[in-house]
Amino acid sequence: MQTLFTPRRGTIVGDARLAGQAEGFREGRAAGKAEQLLRLMERRGFSPLEETRQRVTTCTDMPLLDLWFDRAIDATTLDEIFAAPSATDRVPAPAPGQGLTDPRPSAN
C-alpha cells in the first residue's frame with residue numbers, strides 16, 4: 001500500500017505548495033479575464049493587432065484588465081480602451097501589493 005504525503009501549512013514545503021497554488025489561481029483568473037476582453041473586442045468589431053493581443057494576454061494586473069474590459073463595453077476605438085487611467089474612470093481597487101500599472105506603450 002502506498003501512502004501519499006500531503007504537506008501541511010506551517011511547513012516549508014506546505015507553505016511553498018500553498019503559495020504556488022495561490023499564484024496559479026491568480027494567473028488563471030488573469031488569463032480568463034484577458035480571453036474575455038479579447039472576445040469582447042472582437043464581438044464589438046475591433047481588430048486588435050498581434051501586439052495588442054500580446055499586451056492583453058501577458059497582463060497580470062487584474063484592476064487594469066477590469067478597467068480595459070469596462071472601457072471595451074462602450075469604446076468606439078482601441079485607443080479609448082487602452083488610454084491611461086483618468087480621474088473619471090471607475091477603477092477597481094487593486095489587490096494588496098498590486099498597482100494599476102502597465103509599463104508597455106499602447107499598441108493597436
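## Salt bridges

The structure, a predicted model, holds 2 salt bridges, a salt bridge being a side-chain nitrogen of Lys or Arg within 4 Å of a carboxyl oxygen of Asp or Glu. In one of them the side chains of aspartate 66 and lysine 33 meet, with a distance of 2.8 Å from N to O. Because aspartate 66 lies in helix H3 (residues 62-74) and lysine 33 in helix H1 (residues 12-43), this pair ties together parts that are 33 residues apart in sequence. Helices here are DSSP runs (H or I, at least four residues), numbered from the N terminus. Aspartate 66 is buried, its relative accessible area being 18%, whereas lysine 33 counts as partly exposed at 24%; buried means under 20% relative accessible area, exposed over 50%, and partly exposed in between, with a 1.4 Å probe and protein chains only.

Arginine 53 forms a salt bridge with glutamate 42, and their closest N and O atoms are 2.4 Å apart. This pair links distant parts of the chain, with arginine 53 in helix H2 (residues 50-58) and glutamate 42 in helix H1, 11 residues apart. Arginine 53 is partly exposed at 25% relative accessibility, and glutamate 42 is partly exposed at 41%.

Helix H3 has 13 residues and reaches 19 Å from its first C-alpha to its last, close to the 18 Å expected at 1.5 Å a residue, where the expected span is 1.5 Å times one less than the number of residues. The buried residues of H3 include Met62, Leu65, Asp66, Trp68 and Ala72.

Leaving aside residues up to four places away in sequence, methionine 41 touches Phe46, Pro48, Val56, Ala72, Leu78, Ile81 and Phe82, contact meaning heavy atoms within 4.5 Å.

## Basis of the values

In this predicted model, local features need pLDDT of at least 70 and side-chain atom pairs count only at pLDDT 80 or more, while totals for chains, interfaces and linings use all residues. Residues are numbered from 1 along each chain as its sequence is written, and side-chain values use heavy atoms, with hydrogens and water left out.

Definitions and conventions
Helices (H or I, at least four residues) and strands (E, at least two) are DSSP runs, numbered from the N terminus.
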